[in-house]
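Subject: Structure handover

Hello,

Here is the structure I promised to pass on. Please open it alongside this email.

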Amino acid sequence: MSSYLVTLLITMGMYIILALGLNIIVGYAGQISLGHAAFWAIGAYSFAILTTKFSLSFVLSGILAVIITVFIGVILGLPSLRVKEDFLAITTIGINFIVQAVFKYTPFFGGAMGIGGIPFPKWGDNMFTNTQFFILTYIMVFFAMLVSFIFKRSWAGLASSAIKDDELASDMVGIDPRRFKILAFALGSAYAGIAGILYASFMGFISPEDFSFAVSVAILSMVMVGGENTIVGPTFGAILLISLPEIFRPIQDYRMLLYGGLLLIMMRFQPSGFFGEGGIVWRLIKPKKS
Amino acid sequence: MWLQQLINGLTIGGVYALISIGLTMVYGVLKIIHVAHAGVYVIGAYTGLYTYIFTHNFFLALILSMAVSAFFGVLIQNYVYFPLLKYPPIVPLIASIGIFISIEEGIRLIFGPYIKSFPNGLFSERYHLGSAYLSGTQLTVLVLSFVFILILWYITERTKFGVSLKAVSQDMEMAEVMSINSKRVTLITFAIGSALAGIAGLLVGVYFNSVYPAMGDMPAYKSLAIIVVGGMGNIWGTFYAAILVGLIETILIGTLSIPLPRDSLAFIFMILVLMIKPEGLSFLFNKR
């Protein structure tokens, strides 16, 4: 495989993990989050700091980075206990801006210059090749899908979807919404943490600009365009929204316009996305009722 | 020094108020986070700029930018938001972000990505007030934003339409039972809100003497923070919140050196308000 294709596929894999993680928050538990890039940034930055400033090994700093991301993710998910829907959407936008600003204006985190020299993973004494990194990424993608699959069918997953359908009613039958909202945020940020480690390690250099609000919008769009509350939906959404800019490279100037238009048209005419409940793909596959 | 900060803060606050009041009115009737409102604001700025370049008539520029913005607002409401009302709020939100990206990109492709400015410095005179001074553009921005807010006050508090607007905001179905045409009220609300956004775009363009496609990015998200502080859908809460955010920003940045960018202050303020008083400043207006 050419290195261009490998890089593209690795990027795609990271976004699949991110979209699946956001899907747990948005699709399973029904909490709007427009700040997923903030969680991604926390994963990437904690990994970068642990490897470059404390020179810990790849695996150890990876594990610590995920723990830190989950911890901060739970704290940042706390507003979801207090505010709902539209307020939560705006609060998470705010969280995204504030997290980005903290990384940008704190010298410890490298400021606007970012952090460089983040190590690649090693196999014995040799550095990973790009192909090996690609395999590592897709092992993670596989685990992300597996955990999503198990979570959705578990008791906790059912409780989350009950909260999504009707928070008050599920509270009445003894499902504590607070516990499962926090669980969803914890799991979603664990995914973002893993994606952050992969990103920081693969790029070797991160800066606050990589985790802007526009990235959060892109991740949420992947979930919604693909179809929330499924596993195939966010995966497909990530593949679609990452490959479209590459396919449309010849008309690069119009890419963002096409992206905006796609979001508008999908939401206007196909609100459940490609693979969501009653989505376009299922309708095409299913034979018509006679 | 303090007087100067006060003037600057009020000017910025007035412009924020114009943008956010439109947004909060829209939220009040449809309960949709109208991110594309900032797109309408950019359209208003460009319409005003080009009208001024061709006619050198500021009054005409103002009228046209109001009209064109109102037209686009109604278009968005009628063809995108109305059919999406039955879906969960995340669907119109993503659609709105899609519209916002499309508008900004469309404008960038048509008019180019460069910063454009008003020819031969509009309102270049200066007025001295003791130690502070007030530039002509500042005066224009201040006067016009307060004039339009007064007009809005009259419309919402003293006319029949204002009463129907409040009724529809509280309960759309019940308002229809009382024979209020809620679709018409929503359309007029969008027209007024978008016209205010258009004026705000034009005034910001005049104030900083620069108009560019990405000028809507910052207001798009800051106005959301402001309407949360103002209590989502509450017009006068939003007005005070906008003035307050304008003043706080200007004074904190101007006097203390805070290591955070100006634009994240509104969000920090918002999160503080949410944690202390989730209903925002609107508690000041509930007479219960």
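Below are the ground rules, then the findings, topic by topic.

This is a predicted model, in which local features need pLDDT of at least 70, side-chain atom pairs count only at pLDDT 80 or more, and totals for chains, interfaces and linings use all residues. Residues are numbered from 1 along each chain as its sequence is written, chains are lettered from A and ligands numbered from 1 in the order in which they are written, and side-chain values use heavy atoms, with hydrogens and water left out.

**The interface**

Start with the contact between the chains. It takes 35 residues from chain A and 40 residues from chain B. Contact here means heavy atoms within 4.5 Å. The area buried between chain A and chain B is about 3,400 Å². Carbon and sulfur atoms give 82% of that area. Buried area is the accessible area (1.4 Å probe) that two parts lose on being put together, summed over both. Asp86(A), Phe87(A) and Ile90(A) supply 18% of what chain A buries against chain B, more than any other three residues.

Polar links across the interface were counted too. Three residue pairs are in polar contact between chain A and chain B, both residues being at pLDDT 80 or more. A polar contact is a pair of N or O atoms within 3.5 Å; within protein, one must be able to donate a hydrogen and the other to accept it, and residues adjacent in sequence count only if both atoms are side-chain atoms.

On the side of chain A that touches chain B, the elements giving two or more residues are helix 4 (79-82), helix 5 (85-105), helix 10 (213-226) and helix 12 (255-269) of chain A. Helix 5 of chain A gives the largest share, 13 residues. Helices (H or I, at least four residues) are DSSP runs, as are strands (E, at least two), numbered from the N terminus.

**Salt bridges**

How many salt bridges does the structure hold over all chains? There are eight. A salt bridge is a side-chain nitrogen of Lys or Arg within 4 Å of a carboxyl oxygen of Asp or Glu. Side chains of opposite charge can pair when their charged atoms come close.

Between chain A and chain B the count is one salt bridge. Arg108(B) and Asp253(A) meet in a salt bridge at 3.3 Å, N to O. Arg108(B) also meets Glu105(B), at 2.7 Å, N to O. Glu105(B) and Arg108(B) are three residues apart in helix 4 (residues 90-111) of chain B, so about one helical turn separates them. Glu105(B) is buried, at 11% relative accessible area. Arg108(B) is partly exposed, at 23%. The cut-offs: buried means under 20% relative accessible area, exposed over 50%, partly exposed in between (1.4 Å probe, protein chains only).

Within chain A, Lys104(A) and Glu209(A) form a salt bridge (3.0 Å, N to O). Lys104(A) lies in helix 5 of chain A and Glu209(A) in the loop between helix 9 (177-203) and helix 10 of chain A, so the pair ties together parts 105 residues apart in sequence. Lys104(A) is partly exposed, with a relative accessible area of 29%. Glu209(A) is partly exposed as well, at 44%.

Within chain B, Glu249(B) pairs with Lys222(B) in a salt bridge, the closest N and O atoms being 2.8 Å apart. This pair links distant parts of the chain: Glu249(B) is in helix 10 (residues 235-255) of chain B and Lys222(B) in helix 9 (residues 217-230) of chain B, 27 residues apart. Glu249(B) is buried, at 1% relative accessibility. Lys222(B) is buried, at 3%.

Thr250(B) is found in helix 10 of chain B. Its relative accessible area is 8%, so Thr250(B) is buried. Leaving aside neighbours within four places in sequence, Thr250(B) is in contact with Gln5(B), Asn8(B), Gly9(B) and Arg262(B).

Gly157(A) is found in helix 7 (residues 155-165) of chain A. Gly157(A) counts as buried, at 5% relative accessibility. The C-alpha atoms of Gly157(A) and Ile24(A) are separated by 9.0 Å, with the residues 133 apart along the chain.

Best wishes
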